Amino acid sequence: MAAAVPCTLGSVQAGRARWVAAGCSRLGHGWRLSGSWGARRVGPVLWARAWAPPAGGPVPRRGYSSDVKSEDELRVRQLEEENRGIVVLGINRAYGKNSLSKNLIKTLSKTVDALKSDKKVRTVIFRSEVPGIFCAGADLKERAKMHSSEVGPFVSKIRAVINDIANLPVPTIAAIDGLALGGGLELALACDIRVAASSAKMGLVETKLAIIPGGGGTQRLPRAIGMSLAKELIFSARVLDGQEAKALGLVSHVLEQNQEGDAAYRKALDLAREFLPQGPVAMRVAKLAINQGMEVDLVTGLAIEEACYAQTIPTKDRLEGLLAFKEKRPPRYKGE
């Protein structure tokens, strides 16, 4: 019986590699995505075009177009000009400290669903439109009014939306310019990269309320900073500032907050601009290879990498990259 175990594991690993290869095939030559942002509204979401300043230039306190209404809880901006391909999702629930309400979760779900099927999207930035707050977690006032039978399904919905964010096929960046507690930090943990102001405060504080993180925090925090430190932070419900978070590896960059209160967002924009020139298909399969490879052993991970690499070989972008190199000019990638 013991001899059958390696065979079983090998079958599982091979199956996983085949599954990833099948997923990669959707990103290869001839890949087409449906969906567009032609409609002005998707539920309560406003799809707005906005200007973003050049690197190092002045940043206005609010960079969205003038027709964005103040009651919108999630502001979705598709940047233009040299920032085309960057999408900014700004949480805007000042009266609730950007807490995750039923309406906001529903809106996030619809928005992320639209993003994942839009081929024009190259990088997504999550930020707050409310000074000093990223996201304070679940809306506890709303939660207090729920029947106990409603709580589990609602938390499952939060977890599902955060998983969808983690599975977006493009790079995602969380710009933490303020408080990020509980579900707010879990949302940030689902992003590929986290950037924080030194004055930001973040932590998984659920044990103070006699519950545990339910939006993926018990799984993503250990993967980000290690099991022992993650346990320490969750058991103690400790809140870290930006510098402490950087020291633990919870965020990639920490910056002194500026007068406008958007230092992390500025850095996130700089990073997103670095990503824009790269081949779109390559970026997507690179993310897939990394995410899936981190969940398996090295041998299986290398098989996943091989399957993903194979999807870039027949693309027009790869040929364009070689031609641009030969002609000593910037490549003009089309995501094909």
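Residues are numbered from 1 along each chain as its sequence is written. Because the model is predicted, local features need pLDDT of at least 70 and side-chain atom pairs count only at pLDDT 80 or more, while totals for chains, interfaces and linings use all residues; side-chain values use heavy atoms, with hydrogens and water left out.

**Exercise 1. Get your bearings in the chain**

Task: work out how many helices and strands the chain has, and what share of its residues is buried.

Solution. Start with the secondary structure: it comes to 12 helices and 12 strands. Helices (H or I, at least four residues) and strands (E, at least two) are DSSP runs, numbered from the N terminus. Next, burial: 48% of the 336 residues count as buried. Buried means under 20% relative accessible area, exposed over 50%, and partly exposed in between, with a 1.4 Å probe and protein chains only. Finally, take the contacts with a separation of 6 or more: 69% of them join residues 24 or more positions apart. A contact here means heavy atoms within 4.5 Å.

**Exercise 2. Read the two sides of H7**

Task: find which residues of helix H7 are buried, and which exposed residues sit on the face turned away from them.

Solution. First pick out the buried residues of H7 (227–236): Ala230, Leu233 and Ile234. Down the helix axis they fall within an arc of 95°, so they line one face of H7. What covers the buried residues includes helix H6 (217–225), strand S11 (240–241) and helix H8 (242–248). Ala237 isn't a glycine, yet its phi is positive, about 55°. It's also buried, with a relative accessible area of 4%.

**Exercise 3. Describe how H2 meets H4**

Task: give the distance and angle between the axes of H2 and H4, then say which residues make the contact.

Solution. The axes of H2 (residues 102–116) and H4 (residues 148–166) come within 10 Å and cross at roughly 30°. Axes are lines fitted to C-alpha atoms, for helices over the stretch in contact, and angles run from 0 to 180 degrees between N-to-C directions. On the H2 side, the contact uses Lys102, Ile105, Leu108, Ser109 and Val112. H4 brings Glu150, Phe154, Lys157, Ile158, Val161, Asp164 and Ile165. Sort the contact residues by class and you get 7 nonpolar, 1 polar and 4 charged.

**Exercise 4. Follow the strands**

Task: decide whether the faces of S5 are covered or open, then trace the order of the sheet that holds S10 and S11.

Solution. In S5 (residues 123–128), 6 of the 6 residues are buried, so the strand is largely enclosed by the rest of the structure. Both faces are covered, with Thr123, Ile125 and Arg127 on one side and Val124, Phe126 and Ser128 on the other. S5 pairs with S4 (residues 86–91) in the parallel sense over 6 bridges, and Val87 stands opposite Val124. Two strands pair if DSSP finds at least two bridges between them. Now for the other sheet: 4 strands form an open sheet in the order S6-S8-S10-S11, with mixed pairing. Its edge strands are S6 (133–135) and S11, each pairing on one side only. S10 (residues 201–203) and S11 run antiparallel, joined by 2 bridges; Lys201 has Asp241 of S11 as its bridge partner.

Note on methods
The arc is that of the directions from the helix axis to the C-beta atoms. Ala, Val, Leu, Ile, Met, Phe, Trp, Tyr, Cys and Pro count as nonpolar, Asp, Glu, Lys and Arg as charged, and the others, Gly among them, as polar.
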